[in-house]
Amino acid sequence: MRSTNVDEQTLYTAQAGWLKSAVDILQGAGVDVMAPVETEPGVVELATVKSSEAVTLDYQNVRLPLKRLFFPITEVVLEFKSQPEGDVDVQSEPLVSETEVVVLGARPCGVAALEALDKVFHWDYDDVRYSARRARTTLISFACTRPDAQCFCTSVGGSPHNTTQSDVLVYLEENGQALMQVCSDKGAKFIEQLRDVVKPAPAGTQPPAPPEVKEKFDPAKAKAWLDEHFESDFWTEVALKCLGCGACSYLCPTCHCFDIVDEANWQAGQRRRNWDCCSHPMFTRHASGHNPRPDQASRCRQRIMHKFKYFPERFGQVACVGCGRCVRACCVGQNLVSILTDIESKAKGGDKADVASTLN
Amino acid sequence: MNVNSTVTESLQSAAATLLSEGKVGVVIGYGRDAGASISHPMFIRKPEDAERLVFDDCCFGNLAVYLPRDKVRSMGKIGIVVKGCDLRAINVLLREHVVKRDDLVLIGVPCTGQGDPLLHKCSVCEQHNPEGCDMVVGDPVEQPAIDATQRYKDAASLDDKSLEERWAFWSGQLSKCIRCYACRNVCPLCYCKRCITEKTIPQWIDTSAHLRGNVAWNVARAFHLTGRCVGCGECERACPMDIPLGAINQKMAQLMDEWYGFHSGLSPDEKAPFTTFKVDDPETGIL
């Protein structure tokens, strides 16, 4: 997705009104433009826009994670229909349309999460639907200006100005102008399309300093503890409060587990791929009835282990970008950050006797 | 956040006594982390930890949700902090024989309401002082008169719409559902070991997050809770997609009120209309 022959530090300045021009130019070129839109009071989601008037720039982050554009909540993978003589006609669902998509205003954390998803979906099998959607999409990120107390991108190697997987990172300015940092060939193409409103930044121009996001834990130290503690009472304690709802996983930009279901009537049906979640008891339940993760403790452990041990071992990075959605969504105040903080203090040998902050 | 220090101190002392005298194996209450936006569920098993309990105006969770859980039951007799609204859920669990009264020590907390602004359920709450608990910590609070017309206001505003408008509203709202089942898992009355969505032979409810599946799920949920739901509002609070589930709950409660004069959870001895057989049943509620 990323080109190495583009200078990451290539900076451009965009004149006031550039966003309107961008939407109009892309629309004119037949591109499907997605941008942040206030879909209900106080809620912003990425949605298809026809004009820049629908776009809101006043948002901390979008409610649903960016992954849904590439790995939809539910999608048809094939359809089947019964034929005379008992035959069944099976049709693969056509691949996604080739219409180009430009996302204006994704947040750097959500875009960075695609690095983890790319590795999974191109791992032992090239997921053609995911890849097709990735290939047709250009990601124009807007630098994060309003990280809140739940954000922790800096703890997992990110930053409010992270350029990972972004094609362009845009620093919005109060006067309607913007500074644009090109990060890939796709980004260069976008800048070229906007040539009437964008020009190279004067020599010596520097992007603004990112807003501060406090580092809350060190994933490497946490992993050292996880390596030794598959069996631990800690998991029972953590799981006590967890209600096993899937809000944290479903809102997570890197969680990628799915379920395959057939939905049919007597004549015809569809095979679908749906988001799934390791917190749910059915997730690992075998047809025999045996469940290798029979309780919430083993499911909570899986969630943490997958993100901070298994994924790093397999793919060289943690499966977390610190967007904070899981922290905000949890209705019992369970806190990924406090779990990792407790683990880190255990790793240091401090073994907080009652794992107080996590447990309760 | 406004900590109710009188209640908090009495609560800590009561919990410590219950634990040190061995009357309970665990006290389920609320605790608060610095910087947190809610007071979260807390399981206290040692008397010396009781000082971590707190009661304030951010104790949103309905702790009754933990009572049917094997892990919690295995800790012994359960002391549980209950607001009046939570008690209604416990009354339903008792009425449905999910928990036994003898296995519980109910620690009532007088509550003037949660949230700032006050939650809707609190503004129409008639249980500011929980009744029927084993003990009540803190002094009784004034029970304001309730404007009963406000009780079902969200449902009523939807009743004013035409059928087409209502469908447009609900199909729009339910289209947002991502099937995370947070609504189910926070519900103190959704205690089935295996939910109908997890029954696959046959698959009664489509699990895909398309409108058909989402309507099926939310209607099934409403059917299973009608006459049982106590309106604690946890499902709506937990919903990450901000679906106004409270309006559905209000409609259920309104129908039970109009048809049977029934308000779920006011007593553990109540006879629930849908689980009580009467020879002279007028059957007006049969769909």
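I began with the domains of chain B in this predicted model, and I noted that the assignment gives domain 1 as residues 5-136 and domain 2 as residues 148-275. I then looked up how far apart they sit, and the C-alpha centres of domain 1 and domain 2 of chain B lie 25 Å apart.

Next I turned to the contact between them, where 22 residues of domain 1 of chain B touch 22 residues of domain 2 of chain B. On the domain 1 side, the elements giving two or more residues are helix 3 (84-95) and helix 4 (120-123) of chain B, and helix 3 of chain B gives the most, with nine residues. I sorted the residues of this side by class and wrote down twelve nonpolar, five polar and five charged.

I then looked at a helix pair in chain B, helix 6 (residues 163-175) and helix 8 (residues 211-225), whose axes come within 9 Å and cross at roughly 100 degrees. Since angles of 65 to 115 degrees count as roughly perpendicular, I recorded these two helices of chain B as roughly perpendicular to each other.

Last, I looked up helix 6 (residues 233-241) and helix 8 (residues 296-315) of chain A, which pack at about 100 degrees with their axes 8 Å apart, and I noted them as roughly perpendicular to each other. The residues in this contact include Trp235(A) of helix 6 and Arg301(A) of helix 8, and by class the contact has five nonpolar, two polar and one charged residues.

Notes:
Residues numbered from 1 in each chain as written. Chains lettered and ligands numbered in written order. Predicted model: local features only at pLDDT ≥ 70, side-chain atom pairs only at ≥ 80, totals over all residues. Axes fitted to C-alpha atoms, helices over the stretch in contact; angles between N-to-C directions. Helix = DSSP H or I, 4+ residues; strand = E, 2+ residues; numbered from the N terminus. Parallel < 35°, antiparallel > 145°, perpendicular 65-115°, else oblique. Contact = placed C-beta atoms within 7 Å. Nonpolar A, V, L, I, M, F, W, Y, C, P; charged D, E, K, R; others polar. Domains from an automatic or database assignment.
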